[in-house]
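Good morning, and thank you for coming. Please look at the sequence and the structure together as I speak.

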Amino acid sequence: MYAATATAWQPHPHPQVPFPADNWLAPAKDTYFFCDLHADADAFLRSLKLSYLVTLDSTVESITLTTKGRSGQIIIGGDCFDKGPSNLALFRLIAQLKHAECDLVLLAGNHDIRIYAGLLATDFMDDLRQAHFFVRMGRKTASLFAEIHRHYCQDEKQPGLADSVIRQRLFPSEDWFDFFPAYAQHTMPKSKIDKELKQIRKKQDDFIQACGEQGLSLPDIYQAVAKAKELFLSPDGEFAWFFQSLDLIHLAGSYCFSHAGLDDQFAEKLVAHSADELNQTFREQMNQGRIFEMYYSEFGNVFRTKYRANDWPLTERGSDILRRNHIFAIVNGHRSHREGQQLFLRQGLLNFECDTQLNANCRRKSNLQTPGEAVTIFYADGMVSALSSDFPMTKQFHPKQLQQH
């Protein structure tokens, strides 16, 4: 069922070569794409209701799937963590979907992997490739640790460690600043290494300040970090399922879903390997703690590229590889837009960009007055609909209606 008020959705710029509309494959079932939830459980619930996937009387604490919710596929396209206001409530809401009769796909976002790498790094502070990953999470994680401390640590005894010991266990030593360039020189260009060194010093001060603004002392932070590792990294932790379930990409029909995008190297891998094999490789790298190598590889590029000069490039060669393998469109979040989802032409591929700044924190900073809610729906009959609180009509795209110049 489509909205009564709709407008045709066409890419910008228009393609110069014909798209093979007759060979275009829709997903096997209606597919609902959400992304960049950034710890806003209320925004996600509004978006689920906007999609008619849950009943209108559902709450963050208790949802009821509709027929659409039970028959369709839900993709959460990365960046569940950070910014706030409700990290834990969001994960409990997603857990309800996971435990219900729901076909749920979770994709890795750069903020998600930063949290994983940061928590994991506290066990490897003697590894100069990883010792900075906790600090690298930055001030946006302060709200997560404040939530965890408030919900789990108030009645627990503090570790009784001196501040100097806690700093040694969380923050990189001065030796790291001396030796990291040599370790990273084969993975990162010098300009990026210099920038990393400068940012780590700044992020360390920013993180402590942001935690202080949340009412957390250094022992409070250490206590919350230990609890976060128990919740998210321990095999039987309350939220361990999240990182264990993450995929890097998802293919459905002629669409490739990811958090950020693709590049030539990954396009070649998609020809040589199935999506399942690539997702398995990604999870093995995560489980083995090979985060530094993965983060700066073509695998990491999938969840962090913004097609900048220092990202892995997507050229016409990569686009041609994907088109010859019947992938005609890439779908992602990561780059935020006003006025709802946007549709671009990127190196001969359609690019659906679906980050609408759902979360309350980003909307406040962008002076957006309405509560965020959005979904992009890829119907099994070929239609694509984009609904957002920031655009007055439903945007509708169909490959057979693609205007070509």
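This is a predicted model: local features need pLDDT of at least 70, side-chain atom pairs count only at pLDDT 80 or more; totals for chains, interfaces and linings use all residues.

Residues are numbered from 1 along each chain as its sequence is written, and side-chain values use heavy atoms, leaving out hydrogens and water.

Helices (H or I, at least four residues) and strands (E, at least two) are DSSP runs, numbered from the N terminus. Helix H1 spans residues 41–50, and its buried residues include Phe44, Leu45 and Leu48. Buried means under 20% relative accessible area, exposed over 50%, and partly exposed in between, with a 1.4 Å probe and protein chains only. Among the elements covering the buried residues of H1 are helix H3 (87–99) and strand E10 (374–378). Just after H1, Tyr52 has a positive phi of about 60 degrees.

Let us turn to the strands. Two strands pair if DSSP finds at least two bridges between them. E10 and E11 run antiparallel, joined by five bridges, and Ile377 has Ser385 of E11 as its bridge partner. In strand E11 (residues 384–388), five of the five residues are buried. E11 also pairs with strand E12 (residues 394–397) in the antiparallel sense, over three bridges.

Finally, is Gln130 buried or exposed? Gln130 counts as buried because its relative accessibility is 5%. Gln130 lies in the loop between helices H4 (110–121) and H5 (133–136).

Key: Contact means heavy atoms within 4.5 Å.
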